[in-house]
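Colleague: Please show me the model, and then we can go through it by question and answer.

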Amino acid sequence: DRMIKEGGVFIEHCPTSNENVIAGIAPAARYLRQGYEIGMGSDVAGGHTLDLFAVMASAVQVSKLRWRYVDQSEKPLTMAEAFYMATAGGGRFFGKVGLFEPGYRFDAVVIDDSKNRSLRTFTPGERIERCAYLGRAEVAAKYVDGYRIL
């Protein structure tokens with residue numbers, strides 16, 4: 001672990017690969033909380049989806065399995081932590097990407113979650129969590145470095 005952190009290695013957590021390849025469950029929560037550079041990936045070879053919302057849900061779910069069956073000293077990932085890994089955490093590998101802050105490239109996906117109807121109003125974080133767990137989010141637009149590509 002020390003060599004990974006000191007060497008500036010970026011970790012790409014691919015939870016759907018953890019589900020399918022069955023080579024173990026990565027300690028993603030520990031890596032994130034101890035300050036390692038960690039992002040989220042879909043792993044097209046070992047995973048089963050490119051949908052990062054589904055991958056975020058899987059990250060939370062496999063971290064709960066790791067907590068229950070491997071190491072109860074580390075609390076499972078939250079959806080907010082999984083979202084960070086899928087955006088800013090992974091974006092750090094590419095430089096100033098993944099945050100809506102001055103000096104960062106404007107790379108964004110606009111999501112239409114209108115199919116996730118409810119009688120109550122949800123916070124933005126709750127809306128992201130619902131998109132991840134319900135699987136009903138449609139991409140309305142994509143921007144790369146400020147240019148709309150979809």
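Colleague: Which helices each supply at least two residues of the lining of the largest cavity?
Modeller: This is a predicted model. The lining of the largest cavity includes Ala28, Ala29 and Arg30, as well as Ser63, Arg66 and Trp67. The helices that each supply at least two lining residues are H3 (28-33) and H4 (52-69).

Colleague: How many nonpolar, polar and charged residues are in that lining?
Modeller: Among the lining residues are Pro27, Leu77 and Trp67, along with Asp71, Glu74 and Lys75. Pro and Leu count as nonpolar, while Asp, Glu and Lys count as charged. By class, the lining has six nonpolar, one polar and five charged residues.

Colleague: How much space lies in the largest cavity?
Modeller: The count takes in cavities of 30 Å³ or more, and it comes to one. The space in the largest cavity is about 90 Å³.

Colleague: Turning to salt bridges, which residue forms one with Arg92?
Modeller: A salt bridge needs a side-chain nitrogen of Lys or Arg within 4 Å of a carboxyl oxygen of Asp or Glu. For Arg92 the closest N and O atoms of the pair are 2.7 Å apart, and the partner is Glu37. This pair links distant parts of the chain, 55 residues apart: Arg92 is in the loop between helix H5 (79-91) and strand S3 (108-112), and the partner in strand S2 is Glu37.

Colleague: Is Glu37 buried, partly exposed or exposed?
Modeller: Buried means under 20% relative accessible area, and exposed means over 50%. Glu37 has a relative accessible area of 22%, so the class is partly exposed.

Colleague: Which residue forms a salt bridge with Lys115?
Modeller: The closest N and O atoms of this pair are 2.4 Å apart, and the partner of Lys115 is Glu138. Lys115 lies in the loop between S3 and helix H6 (124-134), and 23 residues away in strand S4 is Glu138.

Colleague: Is Lys115 buried or exposed?
Modeller: The cut-off for exposed is over 50% relative accessible area. Lys115 has 53%, so this residue is exposed.

Colleague: How far apart are the closest N and O atoms of Glu126 and Arg120?
Modeller: Glu126 is partly exposed, with a relative accessible area of 27%. Arg120 is also partly exposed, at 46%. They form a salt bridge, and their closest N and O atoms are apart by 3.2 Å.

Colleague: Which residues do salt bridges with shared partners join into one network?
Modeller: The structure holds nine salt bridges. Those that share partners join into one network Arg33, Glu74 and Glu81.

Definitions and conventions. Residues are numbered from 1 along each chain as its sequence is written. This is a predicted model: local features need pLDDT of at least 70, side-chain atom pairs count only at pLDDT 80 or more; totals for chains, interfaces and linings use all residues. Side-chain values use heavy atoms; hydrogens and water are left out. On a 1 Å grid over the protein atoms alone, a cavity is a set of points where a 1.4 Å probe fits but cannot get out, and a pocket is an open set with protein on both sides within 12 Å along at least five of seven lines; lining residues have an atom within 4 Å of a point. Grid points are joined across faces, edges and corners, and a volume is the space filled by probe spheres set on the points. Helices (H or I, at least four residues) and strands (E, at least two) are DSSP runs, numbered from the N terminus. Buried means under 20% relative accessible area, exposed over 50%, partly exposed in between (1.4 Å probe, protein chains only).
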